[in-house]
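Biologist: I have not seen this one before. Can you walk me through it, starting with whatever term I need for the strands?
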Amino acid sequence: MSSISAQGVVERASAELSKRINGLGLRSKHHHSGSGSGDTSSVPGAAATPPASSGKTSVMERVTNALCGGNSNSNTGSGSGSGSNSSNSSATAAAAAASPASNANPPPTPDKPSRGSSPSPGGIPLSGVQPQVPNSTHHLLQQQQQQQQQLQQHHQLQASTLINSNHHVMVGPAPPTGMPLGAPPTPTVKSIAKQMNITIPGGGVGPGSPTFSTMGMVAAQKATAGGGAGGTPLQLRKQLPNPHMHHPYGSMAVNQSPLILQHQLHPPPIHSIEALMLDDRFLSRFFQYFSPYERRVLAQVCVKWRDTLYRSPRYWSGLLPTLQCRELRQMPACDRGKLYNSLIRRGFHALGLVGASDEDALDVVHSFPLASKHVHSLSLRCSSISDRGLETLLDHLQSLFELELAGCNEVTEAGLWACLTPRIVSLSLADCINIADEAVGAVAQLLPSLYEFSLQASAGGMPRTSAYHVTDAALGYFSPKQSHSLSILRLQSCWELTNHGIVNIVHSLPHLTVLSLSGCSKLTDDGVELIAENLQKLRALDLSWCPRITDASLEYIACDLNQLEELTLDRCVHITDIGVGYISTMLSLTALFLRWCSQVRDFGLQHLCSMRNLQVLSLAGCPLLTSSGLSSLIQLRHLQELELTNCPGASHELFDYLKEHLPRCLIIE
């Protein structure tokens, strides 16, 4: 500044700005640059190395330090005119000294750090940078808020590990490019040990050590998704628990002894990979990355792994222990007792018996006494058990409230009248040839708290099955006792049911939320109209294999069932694009199944593209769909599962195109 008058103006303006800055309490070390509409001037003293501490700091340097995070020596002296800025100038000078002076044009600080590196909390050097003086207090407030947010974000990222969109801790390398966006990466032994602060001498797992892939059943189900089983990606990812929920140090008791606390806070060092694979803390975390189905095999590796897995029931949630009675008969009695006790150790409350006879039922009563209080669900499949054996078994299971009989041809209606108890709330009868209308009468009279009732034929639909003996009269047995309790009713392959039976259902069970009439081939549009007008609480409706259903039924459903979330219309061959247009107006629908609907065309898919809440869609076996029509499904951004098996219009190029634009969707080819 050569002009004295100009310098005086600048000093007065700088003094006013200093007062405002001191009043706002800006933290200078997090301010990288200033913006404003005023003129700019170069600062020759703002270099990477701070000058020697001498004398009073000039006004322009104080402004530069406060606004731009430049260097200053005022923090070391006591003769500064603004004492409140001394600590800020000190932090700024330290940050500038640690940065290279040759960086004339430093890049701006990113809003979110990348996975590979973390942001530096220090300031950016100002060598060659011309700061700008803001012209309003409002601008300074905005700048302060932005920099405080960046500071908070930086501290949060430093205090925690990177977490993906599903809140699974991401340890180790980034996921492969072929993996769907948001899917958890494949952890290894080394990454899990590093996450738990377990150090293996020699740098951890060496090149020759095994690397365990823990994607397991999730990857297998995705690879074999064409089989139709597996579930949505969201459901598959939920099988991997959140490591934060079961931290080894997160649930320590307060009243533990100091010796135990010291052992937990300072665990013994791990000297080899063999010792790591037997460490309790490591195994408790390691097993969480496997599905319950895979843990069955892991429990057979060694005694240590078996005991660790048997110790916690959460490892086995979702599994049904099914025992082959033919193999049980060949085991010694002591081994059968150990097997039954292992079920209790793993926290199982369900039991499945295949091929059971009356002798097997008696053996369960004598060898498994704890089943009286611990078994809540019983499944008997393909068994020759008689009415007497069933009655003996149910008398022993005093805590039973869920019963399934499938292929039990020796059980009669008289046996059901004798053994059914009021505590049963879920009953399933499938392929029992001696079950007819009187059995439904027993269910209606003896089970006042029944919540779920399923009556179905075998998958093959052979005429010998039980459901073919169920008529419209059976549905008239339901009394007001079940009108409020019964919520789920499945009547599958009951080909003798007509619209008269539907009248009995809608009047006796007005509070149904799930109704399946799959295979009820005599059902017509009039019956569907009765359902839509009287069962408006339905959330799931299955009308598959009902060949008399037309577009008129879909109009009734779209107009009246406003809470419907799942609709199944497989093999309804008379449904056209007009009916699909009716369905597309249902905003609550999240799952739609149109398998083998032979008259659905590309025009119908255009209607489906407007269903923004749709998550599951099946178009398997629809012969008139083309690649052009199927490619429009990329508009369904919330889609999680798409089944296109046996679609002639689907090609490998189409599947690649859909996977690219729907990365979070499971495409079943």
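Modeller: Two strands pair if DSSP finds at least two bridges between them. Keep in mind that this is a predicted model.

Biologist: OK. In which sense do β2 and β3 pair, and over how many bridges?
Modeller: Strand β2, residues 350-354, and β3 pair in the parallel sense, and five bridges link them.

Biologist: How many residues of β3 are buried?
Modeller: Four of the five residues in β3, which spans 377-381, are buried, and the strand is mostly covered.

Biologist: Where do the side chains of a strand point?
Modeller: In a regular strand they alternate between the two faces of the sheet.

Biologist: Where is threonine 322 found?
Modeller: Threonine 322 belongs to strand β1, residues 322-324. Leaving aside residues up to four places away in sequence, threonine 322 touches Gly352 and Val354.

Biologist: Why is threonine 322 called partly exposed?
Modeller: Because its relative accessible area is 37%, and partly exposed covers what lies between under 20% for buried and over 50% for exposed.

Biologist: And phenylalanine 603, what does it count as, buried or exposed?
Modeller: Phenylalanine 603 counts as exposed because its relative accessibility is 54%, and the cut-off for exposed is over 50%. Phenylalanine 603 sits in helix α24, residues 602-608. Its C-alpha atom is separated by 9.2 Å from that of leucine 625, 22 residues apart along the chain.

Biologist: Let's switch to helix packing. At what angle do α14 and α15 pack?
Modeller: Helix α14 (residues 333-345) and helix α15 (residues 358-367) pack at about 70°, and their axes are 10 Å apart. The two helices are therefore roughly perpendicular to each other.

Biologist: Which residues make that contact?
Modeller: From α14 they are Arg336, Gly337 and Tyr340, and from α15 they are Asp363, Val364 and Ser367. By type, the contact of α14 with α15 has two nonpolar, two polar and two charged residues.

Biologist: What about α21 and α22, how are they arranged?
Modeller: Helix α21, residues 525-534, packs against helix α22, residues 551-560, at an angle of about 5°, with axes 9 Å apart. So α21 is roughly parallel to α22. On the α21 side, the contact is made by Asp525, Val528, Glu529, Ala532 and Glu533; on the α22 side, by Ala552, Ser553, Tyr556, Ile557 and Asp560. The residues of this contact between α21 and α22 are five nonpolar, one polar and four charged.

Biologist: Now the whole chain. How many helices and strands does it have?
Modeller: There are 26 helices and 14 strands in the chain. Of the 669 residues, 46% are buried.

Biologist: Last one: among contacts between residues at least 6 apart in sequence, what share joins residues at least 24 apart?
Modeller: In this chain the share is 73%.

Technical notes:
Residues are numbered from 1 along each chain as its sequence is written. This is a predicted model: local features need pLDDT of at least 70, side-chain atom pairs count only at pLDDT 80 or more; totals for chains, interfaces and linings use all residues. Side-chain values use heavy atoms; hydrogens and water are left out. Axes are lines fitted to C-alpha atoms, for helices over the stretch in contact, and angles run from 0 to 180 degrees between N-to-C directions. Angles under 35 degrees count as roughly parallel, over 145 as roughly antiparallel, 65 to 115 as roughly perpendicular and the rest as oblique. Contact means heavy atoms within 4.5 Å. Ala, Val, Leu, Ile, Met, Phe, Trp, Tyr, Cys and Pro count as nonpolar, Asp, Glu, Lys and Arg as charged, and the others, Gly among them, as polar. Buried means under 20% relative accessible area, exposed over 50%, partly exposed in between (1.4 Å probe, protein chains only).
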